[in-house]
Amino acid sequence: MRVLFSLFCLTTILQFGLCQTGIIRGTVIDDATGEALIGATAVIANTTTGGITDLDGQFSITNLQPSIYTIQVSYVSYETQFIQNIEVLPNEISTVNIRLKEASIGLDEVVVQATALKSAESALLTIQKKAPNVLDGISAEQFGRSGDNDAASAIKRVTGVSVEGGKYVYVRGLGDRYSKTTLNGADIPGLDPEKNTVQMDLFPSNLIDNILVYKTFTPDLPGNFSGGYVDIATKDFPDAFTFQLSTSFGYNPQANLNDQFLTYNTGKLDWLGIDDGTRSLPESIDQGVPGRYKSTEDNKRLTAITKSFNNDLAPINKSKFLNQSHAVSVGNQHTLFGKPVGYHASISYRRNFESYQNGEIGRYSLQGSSDHTDVLNTELYLDDQQSIEEVIWGAMLGTSIKLTPYQKISLNILRNQSGKSTARNQIGYKPSDNVDLGYQTRTLLYLQRAFTSAQLKGDHALLHGKGIRVDWILSVAKSDLSEPDLRFFTNGIEVVGEET
């Protein structure tokens with residue numbers, strides 16, 4: 001028994017000691033092009049412990065005792081670098097990114113003392129500088145620092161790009177018909193049948209790795225654009241465990257906590273951007289509408305159908321809560337059957353309220369020649385009030401497995417949902433009707449949008465990274481746009497004296 005207890009204690013101590021090791025992971029890229037270097041060697045200085053970069057330029061050195069390390073990174077025809085002062089802590093992953101420069105001396109080794117590089121923004125600038133075509137873009141680091149909530153807000157910071165209506169991308173001043181947008185290089189359908197471009201506000205920023213904008217042609221790009229080609233890249237293989245949580249609230253005195261906010265009786269799922277059927281056509285419509293009133297029964301049936309429609313025709317005033325935005329994402333890398341497996345999951349939610357009062361709308365006409373009159377006749381004058389409630393949320397799940405250091409398979413599933421509710425009230429007069437009546441019109445509008453995408457990708461570097469590199473992608477995408485139960489109601493108001 002004493003021997004068994006001693007063996008148990010020894011095993012426990014060994015297991016405890018083994019689990020206190022750390023890991024160094026990193027990425028090696030070409031300093032001139034920003035491309036990943038496949039087959040580069042990264043070892044602990046003065047040892048044989050190390051690893052070789054895979055098709056993503058990533059390496060991993062495992063089972064390291066807690067300490068301060070220096071790693072040596074080398075690659076054929078590149079200057080060797082020593083990355084110093086890398087601290088390894090128990091059960092933690094230390095990450096570094098290294099940019100190797102091409103060696104300027106043929107046979108002599110040039111040793112460069114460097115520190116770890118952790119800036120994704122500089123890598124994007126290098127890609128832009130060395131690209132064979134005119135290229136611009138923005139990285140997750142940049143629009144994370146600026147606080148942009150979605151792709152539409154982020155991409156307008158790119159030089160030569162403007163966003164029309166908060167959704168549609170215009171490159172170099174050319175309209176949507178001249179631009180093309182893809183997701184990870186795969187075509188995605190647009191939501192608006194009258195627009196060629198994709199509505200960019202559907203993509204929350206915490207799901208995006210970077211956005212690249214190509215302004216000139218190269219043979220590897222599609223040929224159906226002339227203004228610009230926009231590619232949205234979603235987050236991929238994480239180096240270590242990551243967890244991000246952000247939340248924010250905003251206050252606008254015209255819209256938030258204001259009992260003059262216009263709204264109407266909405267559905268229970270409007271807070272998710274989904275109509276729960278409140279705005280659907282009544283079931284009686286399926287029975288058919290009588291063409292002619294041949295009998296009293298037809299009359300009764302038509303009356304019943306008419307009364308079954310939603311009879312909310314005017315907005316009501318109701319106070320709304322603060323504007324809000326929330327996002328959470330988690331990612332990690334594990335080993336499954338001896339293969340590195342990475343995953344990344346993200347979800348974001350945004351709800352905004354906008355409102356204005358005391359707006360004015362007028363329509364005027366000029367009678368006769370402008371040389372003989374300086375008076376405009378009023379055809380329409382309305383006091384305008386409008387309130388908008390908009391919900392956008394998105395969720396993404398991505399996973400990748402490296403079958404070998406030179407072969408990777410990835411699956412990416414994305415779902416975005418949006419709902420926009422608008423209530424508007426206009427009141428005034430319309431002299432052009434030649435009647436002594438006031439004029440009032442009301443609008444109740446709901447716009448629902450959805451985008452779903454599933455992508456299976458493969459990346460293969462043949463001949464151990466020294467031959468041809470093959471990329472492939474299978475993509476399925478679906479977009480939906482619905483505008484149920486759009487309601488306009490206009491009426492005249494009898495004017496008695498100066499009161500209505």
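**Pockets, cavities and sheets at a glance**

The second largest pocket has a lining of 23 residues, and those nearest its centre are Asp54, Phe59, Ser60, Gln333 and Pro340. Please keep in mind that this is a predicted model.

- The space in the second largest pocket comes to about 420 Å³.
- At least two lining residues each come from E1, strand E3 (50-52), E4, strand E19 (323-336), strand E20 (339-366) and E21.
- Among these contributors, E4 gives the most to the pocket lining, with four residues.
- By class, the pocket lining holds seven nonpolar, eleven polar and five charged residues.

**The cavities**

- Searching the whole structure turns up two cavities of 30 Å³ or more.
- The largest cavity has a volume of about 50 Å³, and its lining is made up of Thr266, Asp270, Glu389, Val391, Gly419, Lys420, Ser421 and Tyr446.
- Strand E21 (376-404) and strand E22 (407-429) are the elements that give two or more residues to the lining of the largest cavity.
- E22 has the largest share of that lining, with three residues.
- Sorted by class, the lining of the largest cavity has two nonpolar, three polar and three charged residues.
- The second largest cavity holds about 40 Å³ of space, and the residues around it are Phe261, Leu262, Thr263, Tyr264, Ser387, Ile388, Glu389, Ser421, Thr422 and Ala423.
- For the second largest cavity, the elements that supply two or more lining residues are strand E17 (262-263), E21 and E22.
- Its lining divides into five nonpolar residues, four polar ones and one charged one.

**The three-strand sheet**

- Three strands make an open sheet in the order E4-E1-E7, and the pairing is mixed.
- Strand E4 (58-64) and strand E7 (93-100) are at the edges with a single partner strand each, so one side of each has no neighbour in the sheet.
- From one strand to the next, the twist averages 20 degrees.
- Strand E1 (residues 22-30) runs parallel to E7, and the two pair over eight bridges.
- To find your way along this pairing, look for isoleucine 24, whose bridge partner in E7 is serine 94.
- Edge strand E4 is also the element that gives the most residues to the lining of the second largest pocket.

**The five-strand sheet**

- A further open sheet has five strands in the order E9-E14-E15-E12-E13, with mixed pairing.
- Its edge strands are strand E9 (135-139) and strand E13 (186-187), each of which pairs on one side only.
- Strand E12 (residues 179-183) and E13 are antiparallel partners joined over two bridges.
- Here leucine 183 stands opposite alanine 186 in E13.

**A buried glutamine**

- Glutamine 81 lies in strand E6 (residues 80-88).
- Its relative accessibility is 9%, so glutamine 81 counts as buried, the cut-off being under 20%.
- The side chain of glutamine 81 makes a polar contact at 2.6 Å with the backbone oxygen of arginine 99.

Conventions
Residues are numbered from 1 along each chain as its sequence is written. This is a predicted model: local features need pLDDT of at least 70, side-chain atom pairs count only at pLDDT 80 or more; totals for chains, interfaces and linings use all residues. Side-chain values use heavy atoms; hydrogens and water are left out. On a 1 Å grid over the protein atoms alone, a cavity is a set of points where a 1.4 Å probe fits but cannot get out, and a pocket is an open set with protein on both sides within 12 Å along at least five of seven lines; lining residues have an atom within 4 Å of a point. Grid points are joined across faces, edges and corners, and a volume is the space filled by probe spheres set on the points. Ala, Val, Leu, Ile, Met, Phe, Trp, Tyr, Cys and Pro count as nonpolar, Asp, Glu, Lys and Arg as charged, and the others, Gly among them, as polar. Buried means under 20% relative accessible area, exposed over 50%, partly exposed in between (1.4 Å probe, protein chains only). A polar contact is a pair of N or O atoms within 3.5 Å; within protein, one must be able to donate a hydrogen and the other to accept it, and residues adjacent in sequence count only if both atoms are side-chain atoms. Two strands pair if DSSP finds at least two bridges between them. Axes are lines fitted to C-alpha atoms, for helices over the stretch in contact, and angles run from 0 to 180 degrees between N-to-C directions.
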